[in-house]
Amino acid sequence: MTDASMAPTPGQTVGPFFHYALPFEGDSCLVPEGSAGAVRLHGYVFDGAGQAVPDALLEIRQADASGHVPTAEGSRHRDGRFTGWGRAATDASGHYGFVTVEPGPTRPDAAPFFAVTVLARGLLDRLFTRAYLPDDAIGLETDPVVATLTADRRNGLVAQREPDGSLRFDVHLQGPQETTFLRFPRHGGSP
């Protein structure tokens with residue numbers, strides 16, 4: 001006989017509680033705004049119906065401009081160090097933004113990218129994707145992750161260069177423009 005109180009239950013979704021606990025002052029500024037090499041990475045998060053998601057949270061992890069992946073932990077106490085990690089919440093219009101530097105390639109055959117994690121209401125787990133720089137055609141051809149994708153799936157992983165030099169990367173959680181999400185072998189979540 002099985003105890004009914006021990007029956008499995010469905011998992012909890014990841015949001016929207018994190019807007020009250022996870023963001024902190026300066027979390028989206030990996031480098032000071034206006035500093036040498038600073039660039040703005042920004043965009044919108046959309047649901048499957050094309051509506052803005054006003055309560056998503058994005059995290060990025062990246063190499064520095066020379067391709068070195070920092071090993072300093074966290075972002076809250078940078079102390080002038082580039083930690084390669086930041087967090088940004090979407091606003092009422094679904095917009096997010098980071099101030100950072102453009103990453104360099106971490107190895108000769110790889111294109112430079114921002115590793116992006118998305119948390120939002122209704123998701124059972126976080127989602128992983130990448131935002132590649134648009135200016136490295138050769139790197140995008142040889143990158144081991146990009147090379148495995150069809151052309152339309154590749155295009156959705158490349159940020160767009162805006163006239164002001166910033167990088168725009170929109171995230172579509174579902175639908176015809178759904179962003180390509182990645183699964184990592186040691187991560188048990190859904191893609």
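How many helices and strands are there in the chain? There are 3 helices and 9 strands, where helices (H or I, at least four residues) and strands (E, at least two) are DSSP runs numbered from the N terminus. This is a predicted model, in which local features need pLDDT of at least 70 and side-chain atom pairs count only at pLDDT 80 or more, while totals for chains, interfaces and linings use all residues. Residues are numbered from 1 along each chain as its sequence is written, and side-chain values use heavy atoms, with hydrogens and water left out.

**Whole chain.** Colour by secondary structure and start at the N terminus: the elements run α-β-β-β-β-β-β-α-α-β-β-β. Of the 191 residues, 43% count as buried (under 20% relative accessible area, with exposed over 50% and partly exposed in between; 1.4 Å probe, protein chains only).

**Main core.** Select Val-45, Leu-58, Phe-98, Phe-114, Val-171 and Leu-173. These have the most contacts inside the largest nonpolar core, which has 25 residues. Such a core is a set of buried Ala, Val, Leu, Ile, Met, Phe, Trp, Tyr and Cys residues joined through side-chain atoms within 4.5 Å. Two or more residues each come from strands S1 (38–46), S2 (57–62), S4 (95–101), S5 (113–119) and S6 (127–132). A second, separate core has 8 residues, among them Ala-111, Leu-140, Val-146 and Leu-149.

**Val-171.** Centre on Val-171. Beyond its neighbours within four places in sequence, Val-171 is in contact (heavy atoms within 4.5 Å) with Tyr-44, Val-45, Phe-46, Leu-58, Val-118, Thr-179 and Phe-181.

**Thr-179.** Move on to Thr-179, in the segment after strand S9 (171–172). Is Thr-179 buried or exposed? Thr-179 counts as buried because its relative accessibility is 2%. Not counting residues up to four places away in sequence, Thr-179 touches Thr-129, Arg-153, Phe-169, Asp-170, Val-171 and His-172. Now draw a distance from Thr-179 to Asn-155: they are 24 residues apart in sequence and 9.5 Å apart in space, C-alpha to C-alpha.

**Pocket.** Together with Gly-156, Asp-170, His-172 and Gln-177, Asn-155 lies nearest the centre of the largest pocket, which is lined by 15 residues. On a 1 Å grid over the protein atoms alone, a pocket is an open set of points where a 1.4 Å probe fits, with protein on both sides within 12 Å along at least five of seven lines; lining residues have an atom within 4 Å of a point. Helix H3 (residues 151–155) gives the largest share of the lining, 3 residues.
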